[in-house]
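Please read them with the structure open.

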Amino acid sequence: MILCLLLTQLLPVGENSSMPHATPTDREIVSGDVITIDMGCIYKGYASDMTRTAFVDTVPEEIKEIFNLVFDNEKIALNEVRDGANIKVISKIVEGNFRINGYDVMHALRTWSRIKCA
């Protein structure tokens, strides 16, 4: 049997979805909402943290490009990770791909958060 001490779970929705420590509300989830699922646990001295973003019904058009860019770069980075890999080199690969596509990493993250707050 696996026992896991759960850390505080958060499920910010809509305008609260970009807030890492949102205060719970009674707001109902509606079509078009962005939902951020933030959870983790402690198991045998190891702490985990996992955050996922979900969209109710559809991904809003205005964030599909950035969503796909982030997803593609996650695959690129994971493909480069191996024993002895240099994180600076992997970071430069990802940053370069963002620039080629007209973004910098921070701009993409700011845009993502701004749209999530809309």
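How many helices and strands does the protein have?

1. The protein has 3 helices and 5 strands, where helices (H or I, at least four residues) and strands (E, at least two) are DSSP runs numbered from the N terminus. Along the sequence the pattern reads β-β-β-β-β-α-α-α.

2. On the source: this is a predicted model, in which local features need pLDDT of at least 70 and side-chain atom pairs count only at pLDDT 80 or more, while totals for chains, interfaces and linings use all residues. Residues are numbered from 1 along each chain as its sequence is written, and side-chain values use heavy atoms, with hydrogens and water left out.

3. Of the 118 residues of the protein, 28% count as buried; buried means under 20% relative accessible area, exposed over 50%, and partly exposed in between (1.4 Å probe, protein chains only). Taking contacts (heavy atoms within 4.5 Å) between residues at least 6 apart in sequence, 48% join residues at least 24 apart.

4. How do H1 and helix H2 pack? Helix H2 covers residues 87-100, and its axis lies 10 Å from that of H1 at an angle of about 155°. Axes here are lines fitted to C-alpha atoms, for helices over the stretch in contact, and angles run from 0 to 180 degrees between N-to-C directions. H1 and H2 are therefore roughly antiparallel, the class for angles over 145 degrees, as against under 35 for roughly parallel, 65 to 115 for roughly perpendicular and oblique for the rest. The crossing of H1 and H2 is right-handed, that is, the near helix is turned clockwise from the far one by less than a right angle, anticlockwise being left-handed.

5. H1 supplies Leu-69, Val-70, Asn-73, Ile-76, Ala-77 and Glu-80 to this contact, and H2 supplies Ile-90, Ile-93, Val-94, Asn-97 and Phe-98. By class these are 8 nonpolar, 2 polar and 1 charged; Ala, Val, Leu, Ile, Met, Phe, Trp, Tyr, Cys and Pro count as nonpolar, Asp, Glu, Lys and Arg as charged, and the others, Gly among them, as polar.

6. Is Asn-73 buried or exposed? Asn-73 sits in helix H1 (residues 61-80) and is buried because its relative accessibility is 3%. Its side chain makes a polar contact of 3.1 Å with the side chain of Asn-97. Such a contact is a pair of N or O atoms within 3.5 Å; within protein, one must be able to donate a hydrogen and the other to accept it, and residues adjacent in sequence count only if both atoms are side-chain atoms. Apart from neighbours within four places in sequence, Asn-73 is in contact with Val-94, Asn-97 and Phe-98.

7. Ile-66 also belongs to helix H1, and at 2% relative accessibility Ile-66 is buried. Between Ile-66 and Asn-101, 35 residues apart in sequence, the C-alpha to C-alpha distance is 9.7 Å. Val-89, in helix H2, is partly exposed at 47%; its C-alpha atom is 9.8 Å from that of Ala-77, 12 residues away along the chain.

8. Most residues other than glycine have a negative phi. Lys-44, not a glycine, has a positive phi of about 50°; Lys-44 lies in the loop between strand E3 (41-43) and strand E4 (46-47) and is exposed at 67%. Asp-57 has a phi near 80°, again positive; Asp-57 is in the loop between strand E5 (50-55) and H1 and is exposed at 62%.
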